Amino acid sequence: MTTGPAPAPRTPAGGAGLAALITAPDTALIALDYDGTLSPIVSRPADAMPAPGAVEALRALAARVGTCAIITGRPVDALLELTGLANGNGERAGLENLTVLGQYGLQRWDGATGATTSPEPLPGIATVRSQLPEVLRDAPPGVTVEDKTQALVIHVRRAANPDAALGALAPALRRLAEENGLEAAPGKRVLELRPPNHDKGRALRELVEERTARSVLVAGDDLGDLPAFDAVDELRGLGIAGLTVCSDGPEVPAALRERADLVVDGPLGVVTLLNLLAARIG
Ligand SMILES: [Mg+2]
């Protein structure tokens, strides 16, 4: 177990959040993004393995706090496969307090039962899926579509000029989403066409309410994590302590970094933080 100096949030509210997490872990909720937070950003999403020690740190924390959650844009199945969290009943021991919210809360897996719940995709998804080849007909090489069943993600990272490719494609993709009752949500060199009003803020608020959490830690690295940071602000207004953490890196939006109570150095920094928390909780 890592030991070392206590992490030092740069805001008083973040300091109060950290103190609450450590002194009352039974009512604490730790909510972590996956890509860029527990796993380094890679060019192919399927290759995004957990950072060294990330799964062990998650297990250590899940055994010590009321709720530990991964809140991700990925489908639950993909997340479980990458992390190996659901491999066999024996391996699940100690994960009773771990929940995975996939696709921004549309899907859910609970460590206590090992079961996944997932709603039917919106009808607009099938229409968008059928029309995407036409919309992407003139897209440059390297632009790919990830089909998440409940959402469709256009990836431009492997195009020769990713930002130009996304800029050129975005208007038509936004229109396509709007016409079919979906929203177009931007991320790191991706545009995700997904059901509206399902963001990480909503997922977090619902989980806090369900678990009657009294303190919350949220860690993320991208624009999609900002709604969860907003939720922490709202929760503070309700008397629930909060700590927002930015997993920093070259592609992290300034808007997220500036908002965070604590900035750590990428996924390895997050792993160190989780281990420190586990050690402090004891
Ligand atoms: Mg991320």
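This is a predicted model: local features need pLDDT of at least 70, side-chain atom pairs count only at pLDDT 80 or more; totals for chains, interfaces and linings use all residues.
## Domains

The domain assignment divides the protein chain into two domains. Domain 1 is made of two stretches, 12-119 and 198-281. Domain 2 covers 123-194. Between the C-alpha centres of domain 1 and domain 2 the distance is 27 Å.

## Contact between the domains

Domain 1 contributes 21 residues to the contact, and domain 2 contributes twelve residues. Together the two domains bury an area of about 1300 Å². Carbon and sulfur atoms account for 48% of that area.

On the side of domain 1, Gln-103, Tyr-104 and Glu-251 provide 31% of the area buried against domain 2. No other three residues of domain 1 provide more. Sorted by class, the residues of domain 1 that touch domain 2 are nine nonpolar, six polar and six charged.

Nine residue pairs are in polar contact between domain 1 and domain 2, counting pairs with both residues at pLDDT 80 or more. Two salt bridges cross the interface of the two domains.

Asp-33 has a relative accessible area of 6%, so Asp-33 counts as buried. Asp-35 has 23% relative accessibility and therefore counts as partly exposed.

## Salt bridges

Side chains of opposite charge can pair when their charged atoms come close. Over the whole structure, the search finds 21 salt bridges. Where the N and O atoms of Lys-188 and Asp-221 come closest, 2.2 Å separates them.

Another salt bridge joins Arg-108 and Asp-110, and here the closest N and O atoms are 2.9 Å apart. Are the two residues of this pair, Arg-108 and Asp-110, buried or exposed? Arg-108 and Asp-110 are both buried.

Notes: Residues are numbered from 1 along each chain as its sequence is written. Side-chain values use heavy atoms; hydrogens and water are left out. Domain bounds come from an automatic or database domain assignment. Contact means heavy atoms within 4.5 Å. Buried area is the accessible area (1.4 Å probe) that two parts lose on being put together, summed over both. A salt bridge is a side-chain nitrogen of Lys or Arg within 4 Å of a carboxyl oxygen of Asp or Glu. A polar contact is a pair of N or O atoms within 3.5 Å; within protein, one must be able to donate a hydrogen and the other to accept it, and residues adjacent in sequence count only if both atoms are side-chain atoms. Ala, Val, Leu, Ile, Met, Phe, Trp, Tyr, Cys and Pro count as nonpolar, Asp, Glu, Lys and Arg as charged, and the others, Gly among them, as polar. Buried means under 20% relative accessible area, exposed over 50%, partly exposed in between (1.4 Å probe, protein chains only).
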